[in-house]
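Please take a look at the model below before reading on. The text then goes through it part by part.

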Amino acid sequence: MLGVARPSATGPGVNVLAGNLVPDGMRPFAACYGGHQFGSWAGQLGDGRAMGLGDVEGPAGRFEVQLKGAGPTAYSRRADGRAVLRSSIREFICSEAMFHLGVPTTRALALVATGEPVVRDMFYDGNAREEPGAIVTRVAPTFVRFGNFELPASRREVPLLKALADHVIAEHFAELGEPGPDTYVAWFAEVSRRTAVMIAHWMALGFVHGVMNTDNLSVLGLTIDYGPYGWLDAFNPDFTPNTTDSREGRYRWRAQPSVAHWNLSRLASSLVSLVGDPAPLNAVLDQYPVWYAAAWRARLSDKVGIDLGDHDDDLITELFTLLASVETDWSIFFRSLAEVPRDGDRFGALAEAFYSPPSEELRRRWSAWLAAWSVRTGGVDIEARRRRMNAANPWILPRNWVVQEVIDRAEAGDASGIEALLDVLRRPYDAQPAHVRIAGRRPEWARNKAGCSALSCSS
Ligand code: AMP
Ligand code: MG
């Protein structure tokens, strides 16, 4: 993609990726941004530990290459600019997994252990300890976030705001034409549409980002800043893996579409001075729920193997009620649904999806639902239906407990699990029987374990 060869283990390339070498012609930079964190304006933030190295023009286009965790920047405030190995492994594996799942995302090029300890208090409870440090090299066309626009807008620095908008449009949205009020609105519409599509992907996969602050939303509609993210193991619409947010649940799974909408409204406010009139920006905001609903319906249609219409609302409502009635694994359920036979024991095909056996009453309701679903899919060839569903419902995801096993091994000195897991995750929609253990339900030991269900922003 970049047209760059994998560096040798000891050459200058590794020193660049470790933040120890700035070759001639490279001008590293950190970007300044602000953001709304958990609903409140947090003022200036900026890349506290991300360093852009510059652009690479490769066979697949031009990409920005960025180190995360290479040390203090102009915007580190009082923090150290470093990152720990556990969170770096999580970003490295998950961002690559998302790419192979077909979700718009930043990517990870490299992971370097620094050999230097970093002190973190993982759960902010007075138990600070030394952890191994690491640097992830990230790649994206740009890392510009909503917060990059919010900061100059908050300071009424209109020329700077305009320069940023014109730059982003010229570099990444050239098809929208010359800068001007109409172009800014068209650009905001495109950001909103892409955000809706990205969120629909997250929802369909059961991905919970965990920290959807406006500084963590990309203007390209890419999933960015992998922190205390998680996956629905058992379906629970109120699930968030982020312990910092466990009381309020602001960024829980089911809140993500509306949080994205709210974040877009923050971006819209930042653009009013460029457009001169809030009305067209508000009109775009009114469109967002329509774009989201269409994107979600498309994803859900593929998941259940039916082209859903309004007349399917009862079927879908009952599905979500049943999924929430007894702990049911979100991913395994949909994968199993594709195997439900036309006749005979339909319910039996779902056995793997349940964390505990459903009651008699629930079994009856499931059977009734499966019968209705089966009738609805009636005309479709069963093999074609399975192909469609399996292309939308991953066989494997980088579940937190699986990544945590890899982290535990890496912290103990064996990093081989990282690439081994990544290899499996490169074909997430293919059944890979040799790896069935890590594709299965979350084991009981992982239910409340740190790093598996409980994560914090500490990284
Ligand atoms: P995050 O929650 O990782 O998205 O980070 C929120 C803000 O804090 C971002 O602007 C980061 O650049 C900054 N930040 C997070 N961790 C550090 C750190 N260890 N040193 C400096 N800045 C940091
Ligand atoms: Mg961030």
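The paragraphs that follow treat the domains, the sheet and the ligand in turn.

The model is a predicted one. Its protein chain is divided into two parts, with domain 1 covering 12-140 and domain 2 covering 306-390. Between the C-alpha centres of domain 1 and domain 2 there is a distance of 41 Å.

Now to the sheet. Four strands make up an open sheet, and reading across it gives the order β3-β4-β6-β5, with antiparallel pairing. The edge positions are held by β3 and β5 (107-120); each has a single partner strand, so one side of each is left without a neighbour in the sheet. On average, neighbouring strands of this sheet are turned by 20 degrees against each other, direction ignored.

Strand β3 spans residues 50-58 and strand β4 spans residues 61-68; the two run antiparallel and are joined by eight bridges. Two residues lie between β3 and β4, and the two strands form a hairpin. Within this pair, M51 is found opposite L67 of β4. On to the next pairing: β4 is joined by five bridges to strand β6, residues 129-140, and this pair also runs antiparallel. One position to look up here is V65, whose bridge partner in β6 is V139.

The ligand comes next. Which residues are the closest to ligand 1? They are G46, G48, D80, G81 and N216, out of 15 residues that surround ligand 1. Sorted by class, the shell around ligand 1 consists of seven charged, five polar and three nonpolar residues.

Individual polar atom pairs can be listed for this site. A polar backbone atom of G48 is 2.7 Å from an oxygen atom of ligand 1. In the case of R49, an N or O atom of the side chain is 3.2 Å from a nitrogen atom of ligand 1. For R120, the distance from an N or O atom in the side chain to a nitrogen atom of ligand 1 is 3.2 Å. On its own, ligand 1 has 480 Å² of accessible area, and the protein covers 81% of that area.

Definitions and conventions:
Residues are numbered from 1 along each chain as its sequence is written. Chains are lettered from A and ligands numbered from 1 in the order in which they are written. This is a predicted model: local features need pLDDT of at least 70, side-chain atom pairs count only at pLDDT 80 or more; totals for chains, interfaces and linings use all residues. Side-chain values use heavy atoms; hydrogens and water are left out. Two strands pair if DSSP finds at least two bridges between them. A residue is near a molecule or strand if one of its heavy atoms lies within 4 Å of it. A polar contact is a pair of N or O atoms within 3.5 Å; within protein, one must be able to donate a hydrogen and the other to accept it, and residues adjacent in sequence count only if both atoms are side-chain atoms. Accessible areas come from the Shrake-Rupley method with a 1.4 Å probe; for residues, only the protein chains shown count as cover. Ala, Val, Leu, Ile, Met, Phe, Trp, Tyr, Cys and Pro count as nonpolar, Asp, Glu, Lys and Arg as charged, and the others, Gly among them, as polar. Axes are lines fitted to C-alpha atoms, for helices over the stretch in contact, and angles run from 0 to 180 degrees between N-to-C directions. Domain bounds come from an automatic or database domain assignment.
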